[in-house]
Amino acid sequence: MYITGGVPMRIILDGMGGDNAPAAVVEGAVIASKEISHEIVIVGKEELINKELKKYKYNKEKITVIDAREVISNDEAPVRAVRSKKDSSIVRGINMVKNGEGDVFVSAGSTGALLSGGLFILGRIQGIDRPVLACIYPIVGGEPSLLVDAGANADCKPNNLLEFGIMGNIY
């Protein structure tokens with residue numbers, strides 16, 4: 001599990017995203033840190049994340065915490081939240097990727113804020129009109145499969161579907 005050239009990745013996690021955050025995020029990070037060789041950075045309310053981390057034995061060189069004081073909830077207007085909550089775990093994490101401080105950002109938080117943040121902060125891929133949500137799901141007796149356009153777009157044009165297919169194929 002290395003990016004090109006055998007270089008370890010720096011995986012940034014939204015410590016405040018999801019229904020059971022930060023407990024579930026921290027537990028997942030600790031388990032993952034024992035399975036992979038990559039660095040994991042958890043972004044969110046530092047005191048809450050550190051309180052959860054104290055429950056586990058883990059390699060402290062593989063998991064670090066970056067403080068972010070704000071949280072974007074699913075009840076907020078995504079665009080407004082991304083623009084106004086600059087110190088949220090989502091905005092801080094996406095900015096870390098943009099600034100080269102991480103290779104990937106993972107969040108179980110507000111999908112709308114994640115998509116808005118990706119568009120406003122990272123921008124679009126040249127030649128791609130719309131972002132696409134993708135999810136991996138298991139296949140009984142086979143390798144996992146990738147489903148693209150997993151719910152983000154209600155009114156796609158044929159060229160959007162073609163772009164989604166191309167992105168899924170590259171993945």
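Two strands pair if DSSP finds at least two bridges between them. The views below come from a predicted model.

**View 1. Strand S4 pairs with strand S1 in a predicted model.** S4 spans residues 104-106. S1 and S4 run parallel and are joined by 3 bridges. Leucine 13 has valine 106 as its bridge partner in S4. S1 is mostly covered, with 4 of its 5 residues buried.

**View 2. Strand S2 pairs with strand S1.** The pairing is parallel and takes 5 bridges. Isoleucine 11 finds its bridge partner, isoleucine 40, in S2.

**View 3. Four strands form an open sheet.** The order is S3-S2-S1-S4, and the pairing is parallel. S3 and S4 stand at the edges. Each has a single partner strand, so one side of each lacks a neighbour in the sheet. From one strand to the next, the twist averages 25°. H1 packs on this sheet and touches S1, S2 and S3. The direction of H1 makes about 170° with that of S2.

**View 4. The largest nonpolar core holds 15 residues.** Leu13, Ile40, Ile42, Leu53 and Ile63 have the most contacts inside this core. Strands S1 (10-14), S2 (39-44) and S3 (63-67) each supply at least two of the core residues. So do helices H1 (23-35) and H2 (46-53). H1 gives the largest share, 4 residues. A second, separate core has 14 residues, including Val41, Ala68, Ile90 and Val91. In soluble globular proteins, nonpolar side chains tend to be buried together.

**View 5. Leucine 13 is among the residues with the most contacts inside the largest core.** Neighbours within four places in sequence are set aside here.

**View 6. Helix H2 has buried residues on one face.** Ile49, Glu52 and Leu53 are buried in H2. Seen down the helix axis, the buried residues fall within an arc of 100°, so they line one face of H2. These buried residues pack against H1, S2 and S3. Leu53 is also one of the residues with the most contacts inside the largest nonpolar core.

**View 7. Asparagine 160 is buried in helix H6.** H6 covers residues 158-170. The relative accessibility of asparagine 160 is 3%. Buried means under 20%, so asparagine 160 counts as buried. Leaving aside neighbours within four places in sequence, asparagine 160 is in contact with Asp129 and Arg130.

**View 8. Glycine 28 is partly exposed in helix H1.** Its relative accessibility is 37%. That value lies between the 20% and 50% cut-offs, so glycine 28 counts as partly exposed. Valine 132 is 104 residues from glycine 28 in sequence. In space, glycine 28 and valine 132 are 25 Å apart, C-alpha to C-alpha.

Notes. Residues numbered from 1 in each chain as written. Predicted model: local features only at pLDDT ≥ 70, side-chain atom pairs only at ≥ 80, totals over all residues. Heavy atoms only, no water. Core = buried A, V, L, I, M, F, W, Y, C linked by side-chain atoms within 4.5 Å. Buried < 20%, exposed > 50% of the residue type's maximum accessible area, 1.4 Å probe, protein only. Contact = heavy atoms within 4.5 Å. Arc of directions from axis to C-beta. Axes fitted to C-alpha atoms, helices over the stretch in contact; angles between N-to-C directions.
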